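Have the viewer open as you read.

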Amino acid sequence: MTTDDRGTHSHDHDHPGTTPDVNETGYYELMAEAMKELLIEKGVVSADDLRRNLEFLDSRDPVDGGKIIARAWTDPDFKSRLLEDGTKAVEEMGLTMGDAELVVVENTDDVHNMIVCTLCSCYPRTILGLPPDWYKSKSYRSRAVVEPRSVLKEFGTELPDSKTVRVHDSNADMRYLVLPQQPEGTDGWSADRLAEIVTRDAMVGVVLPQA
Amino acid sequence: MTMFSVGERVRIKDSHPPGHRRTPFYVRGKTGVIERYCGDFKNPEELAYGFDGTPKRELYRVRLAQNDLWENYEGPASDTLDLEIYDHWLEKVED
């Protein structure tokens with residue numbers, strides 16, 4: 001295409017209220033695409049393997065995580081198994097951790113847990129879905145380890161000094177899930193009802209669940 | 001028998017080899033306590049270059065005091081940072 005043949009006039013000016021349709025491929029995007037094509041060409045993976053994996057990841061969301069937490073709140077034996085071996089315990093619920101292992105860390109009256117991955121964006125994707133953008137941001141990844149209490153405050157979570165803040169950097173083979181404390185005023189609630197108040201951010205440990 | 005036991009004080013090596021490493025810079029040279037042994041895992045520093053990742057490495061969770069990591073840390077002395085370190089990055093600390 002040598003001339004602009006998409007419209008009736010050339011586009012050396014902006015139309016108010018429209019965004020130019022620019023879709024430049026970045027360097028790393030291009031590298032990833034080249035790698036993908038090579039792997040398919042060499043028969044290491046098939047295009048369908050890739051598609052199925054993407055489909056699986058896109059089908060995951062924090063609802064599964066909420067069910068795990070609600071069951072731990074209502075079933076003490078399950079809670080013990082979950083804290084002992086998270087990977088095995090979630091398998092009971094038909095959930096997989098894929099190639100990683102799950103460590104569940106429990107919030108108590110004395111301890112608050114918070115998850116970060118400083119090296120990249122490791123996250124329990126198979127039980128929470130894809131991580132939010134802020135979790136992958138350089139700002140969160142660096143500040144969560146240096147000044148966790150300030151970061152928590154920005155999420156609206158202010159904790160007294162009497163409570164220990166434990167930051168978990170998921171830098172290797174473990175993935176982490178925070179088991180929050182069951183909020184007051186929810187005694188006797190069914191697991192289904194409890195699951196609805198367990199948010200994604202509560203399971204990353206940046207907020208506390210609210211009844 | 002694992003190389004390190006829970007509660008043992010360890011130092012994370014202050015080493016700076018080039019290449020793909022899973023030990024973040026901010027903990028290198030710092031001392032902490034073994035929180036748990038996670039199991040044996042393929043070495044990601046080998047896997048990254050197409051090797052098979054063997055021999056497997058013992059992976060530990062090490063708990064460090066935030067006060068030992070950062071000067072003028074904002075919180076109380078009890079705050080901690082836990083992370084995973086492979087055995088070849090750990091050394092014993094003589095009491």
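1. A cut-off to start with: a residue counts as buried when its relative accessible area is under 20%, and as exposed over 50%, with partly exposed in between. By that rule Arg149(A) is buried, and so is Asp79(B). Keep in mind that this is a predicted model.

2. Those two residues belong together. The side chains of Asp79(B) and Arg149(A) form a salt bridge, with the closest N and O atoms 2.7 Å apart. The pair runs between chains, from helix α9 of chain A to the loop between α2 (66–69) and β4 of chain B.

3. Now the interface as a whole. Chain A puts in 24 residues and chain B 25, and about 2,100 Å² is buried between them, 46% of it on carbon and sulfur atoms. On the chain A side, Arg166(A), Asn171(A) and Asp173(A) lose the most area to chain B, together 23% of what that side buries.

4. Polar contacts are worth a look too: 22 residue pairs make them between chain A and chain B. Elements of chain A that each supply at least two residues to the side touching chain B include α8 (138–146), β3 (164–169) and β4 (174–179). Of these, β3(A) gives the most, with six residues. By class, that side of chain A has 10 nonpolar, six polar and eight charged residues.

5. Four bridges join β3(A) to strand β4 (residues 80–86) of chain B, and the two run parallel. Within that pairing, His168(A) has Asp82(B) as its bridge partner.

6. Check Thr118(A), in the loop between β2 (111–116) and α6 (125–128) of chain A. Thr118(A) has a relative accessible area of 16%, so it counts as buried. Its side chain makes a polar contact with the side chain of Asp169(A) at 2.6 Å. Beyond its sequence neighbours within four places, Thr118(A) touches residues of both chains, among them Arg141(A), Pro24(B) and Tyr26(B).

7. Last, a pair inside chain B. Glu8(B) and Lys92(B) meet in a salt bridge (3.1 Å, N to O). Glu8(B) sits in the segment before β1 (9–12) and Lys92(B) in strand β5 (residues 90–92), so the pair ties together parts 84 residues apart in sequence. Glu8(B) is buried at 19%, whereas Lys92(B) is partly exposed at 47%.

Definitions and conventions:
Residues are numbered from 1 along each chain as its sequence is written. Chains are lettered from A and ligands numbered from 1 in the order in which they are written. This is a predicted model: local features need pLDDT of at least 70, side-chain atom pairs count only at pLDDT 80 or more; totals for chains, interfaces and linings use all residues. Side-chain values use heavy atoms; hydrogens and water are left out. Contact means heavy atoms within 4.5 Å. Buried area is the accessible area (1.4 Å probe) that two parts lose on being put together, summed over both. A salt bridge is a side-chain nitrogen of Lys or Arg within 4 Å of a carboxyl oxygen of Asp or Glu. A polar contact is a pair of N or O atoms within 3.5 Å; within protein, one must be able to donate a hydrogen and the other to accept it, and residues adjacent in sequence count only if both atoms are side-chain atoms. Ala, Val, Leu, Ile, Met, Phe, Trp, Tyr, Cys and Pro count as nonpolar, Asp, Glu, Lys and Arg as charged, and the others, Gly among them, as polar. Two strands pair if DSSP finds at least two bridges between them. Buried means under 20% relative accessible area, exposed over 50%, partly exposed in between (1.4 Å probe, protein chains only).
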